[in-house]
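I opened the model to look up a few residues, their contacts and the packing around them. The entries follow in the order in which I made them.

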Amino acid sequence: MSSKSEHENPGLKIKKLEKKLVDLKQFEKITKTLFSVSNAVNTTVNLDELYLSIHQSLGKIIDVTNFFIALYDRENDILSFPYSVDTEDNLLGSYYEVSNPKDSSSLSVRVIKSGKPLFLDKNEIIRYAKKMGKKILGPAAKVWVGVPLKIKNEVIGAMAVQSYIDPDMYHKKDIEVLLSVSDQVATAIDRKRSEEEAYKRANLSALIHKVSQRVSSKLEMGELLSEISTSVCETFNYETVIVMLYDEYRKVFVLEATEGKNSDVFPKGWTVPVGKGMIGYAAQSGKIQVSGNVSKNKHYLKHSDEIVNSELAIPIKSGDKIIGVFDLQSADFNAFDEIDISSMETLSVQIGIAIENARLFEDVRQGTEKLALVNRLASAIGTTLNLDKLLETIYQEIEKSFKPDAFFIALYSEKDKDELDIIFHTEDGIRYSPGKCALGKGFSAKIVSEKKPLFIRDYEKEKIKLPKPVFLNTKKVASSWIGIPLIVGQRITGIINFQAWRPYAWDEEEEALFFSIADQVAVAIEKARLYEKVQRELVERKLAEEEKKNLEFQLLQAQKMEAVGTLAGGIAHDFNNLLLGIQGDASVMRLHLSPEHTDYKKLISIEESVKSGAKLTRQLLGFARGGKYEVKATSLNTIIEDAAAMYGRTRKEIRIHSKFQANVWTVNVDQVQIRQVLLNLFVNAGQAMPGGGDLYLSTENVKLNKNKTKIYGVLPGRFVRTTVTDTGHGIDEDIQHRIFEPFFTTKERGAGTGLGLASTYGIVKNHDGFLDVISKKGEGATFTFYLPATHAPVIEKPPPELEAAMGNETILVIDDETRILEVSKSMLEELGYKVMTADKGIYAITIFGQRRKQVNLVVLDLVMPEINSKEIFDKIKSLEPEIKVLLASGYSVEGADNEYLLKESNGFIQKPYDIIQFSTKIRKILDQS
C-alpha cells in the first residue's frame, strides 16, 4: 500500500528523500564534530584549549552564540563553569552548590541532579523561577537547551546553549544533536583532565626533586625562597605563592617571598598575626588549611583587588616548632586536590629544611662578618685621619652589615648646647650635606641629657613613652631607631644613629655590637678632628703667607698701573684737545666745499685720521685712572650682539656661538668703552685662531660673596658675568700674569701696540668690575669679566644726526686752551650763533656777570686751572639759576665734582667732536623748555 501511495504521490516521495538527505548531511556534520572533539584531546595543550575546540566544533552543527560547559565536583558538591561564552550573562568563574536549596533553581543544577536533558522556552523558564522562588537577574533566555555530560552513567557536568533573541532558534530535536556528541565531549574532557592530572603529578615530582637539590646547594635564604615561589607559580599557574616566616620579636608572620599576579598586593614585610586569616590559623592550629571557595571560609583574609577563590595554607615546621607558612592562592574554585595538598606538604618540609640550613649558615656568616666589621673599622680608624674619608668608611661598613634606611653621626659641644652639628647623614641612600639641627626635646636630646643609648624596636608600640621626634631632611619616623652616645673620657662628643623604616630591624646581638662600634667611632672622630684642626691651622698660615705675597704683587701692579694711567690720562686730555682743533677746522671747511671739490676727499681723510687718533686715546684712557665718558643703564646682551655681528663680518672663518641669559640685569657703563672691551677680546681671540675656530660668548646673572670679590678689591653683590672663550693656541702660563700690562705684547715689533688687553683690564676695573683669564697652552683661552648690576632700566641711545643744526642764540665758551676756543668759535659762528670766549675762570665769571642777560648757553670745559670748573659753574648758577650749561671734556667725567656737575648741568659732549655732533648737542639743550 505504501509503495502504491508513493507511486501515486510523487511529491511526498520527494519530501521524504529531501528529509533523508538533510538527515544524512546532519549525520555527516555530527560525525565530523565527534571526530574533531576526539582529535582535540590529542592536539590541545590544556583544558582551556579543549573547551574552545569543543565550542568551535559544535558551532558547525548548532548555533553556539551563547554556550557554556559546567563541571560537577561530586566530592565537594560544587558545579563550576570553566568555559562560558554569552552575550548577556557570562557564567565563567561562577559556581553552584548542587545540594544547596538556594542554588537548586539553576537550570544547570537541574540537569545535573536529574541526569536528563532539558528544553525550556521563555515562559517555562519564568514559571520555573517563580516556582523555585527566584528572581531572574538580567534578560531571560527565549529558549534554553541543556544536556548532561556522563562517563559510564555518572554525571560529570552539563553542556548548554541558549538564545535571547529567537524563540525558534532551537527545537527539541536539537537535544538529540547535543546528546549525540555529549558522551564524546564528556570522554574528551575526562581524558584531558586525567592527562593534566598526570602532568601535574610529574611536575610536582620534578619540582620537589629540584627544591631538594637546591636546599643542599643554596644557603642564601631570600634567594632560595624567591626561587621556590617562582617555580611553583610558573609550573601550576597559581594566582599567588607566598612564603611567610615567623618573627619571634613581633609575634607575627612576615612575608619573605611572593610571586604571581597578586604579588603586588603583598609587599615584602607584610605581616599576619597568629590566628588571623588562613595563614595565621594554619600556624595556630599546626594543620593544613584548604578552601575551594574562600568566600565561605570564616578564616579567609581578603585584600584589595586580589582575585582568589581557592587557598591552601600549609605550616612550615622545624621539628615540632612552626617557623612559617607556605600559602598558595588560585582564581579557580576547588583548585587544590589531594595530589596538590600532599605534594605541597612535601614541598613545605623541604622549605623548612632549607630555612633552617640557611639560618644556620646566616648565623655563622653574620658572626664572621661582624667580627670582620670590627676589625675593618679598627684598621680604618688606625690608618685614616681625614674626617670625611673616615665617616664615609664607617658608613660603608655599617651599610654593608646592617642595612639601615637612615644613618647619621652628629657632634655635640657644651659651648652650643641647643643644637647638634650633623657631620654625616643619609636617608634612603641619599647623602645630605652637613648642617645644624636643633636639639629640642627629641630622641637625640634624651641621649645627650642621660648619656645613655636609646633603643626603639617598634615606634608605634612605644611612642606613648617617647618624646616627640625632631625631623632632619625628611619627615619620616623610623620604626626601629637606635642612638648611642659617642663618649671620650667622661665627655659626650656626639651621637651615632641607626634607623630602619621596618620594626624590629636588628636583634639583641646586633644591638650589642653597636656599642663596640660606637666606642671605636668616638675615638676615631676625636683623633680625626684634632688632626684636621692642626692641618687647618697649617693651611691657614700658608694661605695667609700666599695672600700677603699676592696682595704685595697686586699693590705693585696697581701702583704701576696708576702711574701709567696718570700719564696716559694727561696725554689723552691734551691729545683730545689737539684733535678737536683739527676736527673742528676740517668739519667747518667741509661745510663750504661740495663733494666734487678736489680737497673734499682730503678733508674726509683728515677726519678719519682724527677718529683713529680718538680711538687711540680711548685705549689710553682704558687703563687710565677714571676713564669713563658717558655712563648709562645698558643691557650687555645688546652690546655683545652688536660687537659680535661687526666682528663676525670681518672674520667669517670664525664660528661665533652665543648663549645669553634672558632678562639679564642692567649695568651702568660707558657703552663705547664696553664695546671696545669686547672687540679687544674678539681680536685677541682671532689672533689666537689664525686658521679659524670657534668663539663662545655667554652672559649670566650671578651673586658673588665677599670670598669671591675680596681678592679683586670690589664689593660683593649682584654682577653680570660675561665669558669669551676661544679654541685657539692658548697662553703660556709663564706670561699670563703680564698680559694686562700696558705695552706688553708677544707680537713682532710694529705688529701691535700692547694696549688692547691693558685697556680692557683698565676699562673693566674703572667700571668697578674685575677680569679673569683661564688658559693652557694648546687648549684655548677663556676671558671672564664681571660688571656690577644695577636696578635702573635700559636707556636707549637716540640715532645720530646727519646734518648740522643751525641757531642764532648767544653762547659763552669757557676753556683754558686757546686753540679750543678758536675752533669752537669758528664752528658756532658758522652755525649762526653769536659767540663769547674766556680762557680763565675769572674772565668767564666777569664776562657772564656783565652779559648774563644776553647769554643763552655756556659751554664749560671740565678741567680748568686756578678756579676749577665746579667753582665757575656754581658762580654762574648763582648769578643766573636758569642758565643752561653744556659740559665738555677730553678726559673723564669721573670724580665727585664731575658727578655733581653732570647731575646739575644740561648735557655733556666728549672731545674731539665735529660740527654736526656739536650743533646737535647744543640745539637739543637750547630747545629744552
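With which side chain does the side chain of Asp772 make a polar contact? I found Tyr712, at 2.3 Å. I note at the outset that the model is predicted.

**Entry: Asp772**

I placed Asp772 in strand E25, residues 770-775. I then listed what Asp772 contacts, leaving aside neighbours within four places in sequence: Lys708, Tyr712, Thr782, Phe783, Thr784 and Tyr786.

**Entry: helix H16 and the cores**

I looked up H16, which runs over residues 671-688. H16 has 18 residues and spans 26 Å from its first C-alpha to its last, close to the 26 Å expected at 1.5 Å a residue. Of those 18 residues, 13 are buried, so H16 is largely enclosed by the rest of the structure.

Next I went to the largest nonpolar core, which has 34 residues. The residues with the most contacts inside this core are Ile674, Leu678, Phe682, Phe785 and Leu787. Several elements each supply at least two of its residues, among them helix H15 (636-650), strand E22 (666-670), helix H18 (756-766) and strand E26 (781-790). E25, the strand of Asp772, is also one of these suppliers. Which element gives the largest share of this core? I found that H16 does, with 7 residues.

I checked Phe682 on its own. Not counting residues up to four places away in sequence, Phe682 touches Ala643, Ala644, Tyr647, Leu695, Leu697 and Val724. A second, separate core has 31 residues, including Phe402, Leu486, Phe514 and Val521. Phe402 and Phe514 also turn up in one aromatic cluster, together with Tyr395, Phe407, Phe424, Phe498 and Trp506.

**Entry: aromatic pairs**

Phe68 belongs to strand E1 (residues 67-73) and Phe81 to strand E2 (residues 78-85), and the two are 13 residues apart.

I then noted another pair of Phe68, with Trp144: the centres are 6.4 Å apart and the planes stand at 45°, so the pair is tilted.

**Entry: charges over rings**

I looked for charged groups over rings and noted two. The charged end of Arg110 sits over the ring of Tyr128, 4.4 Å from its centre. Arg718 lies over the face of Trp665, at 4.0 Å from the ring centre.

**Entry: helix H4 and its ends**

In helix H4 (residues 107-114) I found Leu107, Ser108, Val109, Val111 and Ile112 buried. Which residue caps the N-terminal end of H4? I found Ser106, with a side-chain oxygen 3.3 Å from the backbone nitrogen of Ser108. Just after H4, Gly115 has a positive phi of about 70°.

Most residues other than glycine have a negative phi. I noted two with a positive value. Lys152 has a phi of about 50° and lies in the loop between E5 and strand E6 (154-163). Lys152 is exposed, at 82% relative accessible area. Asp428 has a phi near 50° and lies in the loop between strand E14 (416-427) and strand E15 (430-432). Asp428 is partly exposed, at 40%.

**Entry: Ser919**

Last, I looked up Ser919, which lies in helix H23 (residues 915-926). Ser919 is buried, with a relative accessible area of 0%. What does Ser919 touch, not counting residues up to four places away in sequence? I listed Glu803, Ala804, Ala805 and Leu831. Ser919 and Ala804 are 115 residues apart in sequence, yet 5.7 Å apart in space, C-alpha to C-alpha. The side chain of Ser919 also reaches the backbone nitrogen of Ala805, at 2.9 Å.

Conventions: Residues numbered from 1 in each chain as written. Predicted model: local features only at pLDDT ≥ 70, side-chain atom pairs only at ≥ 80, totals over all residues. Heavy atoms only, no water. Helix = DSSP H or I, 4+ residues; strand = E, 2+ residues; numbered from the N terminus. Polar contact = N/O pair within 3.5 Å; in protein donor to acceptor, adjacent residues only side chain to side chain. Contact = heavy atoms within 4.5 Å. Expected span 1.5 Å × (residues − 1). Buried < 20%, exposed > 50% of the residue type's maximum accessible area, 1.4 Å probe, protein only. Core = buried A, V, L, I, M, F, W, Y, C linked by side-chain atoms within 4.5 Å. Phe/Tyr/Trp six-rings, centres within 6.5 Å; stacked < 30°, edge-to-face > 60°. Lys NZ or Arg CZ within 6 Å of the ring centre and 35° of its normal.
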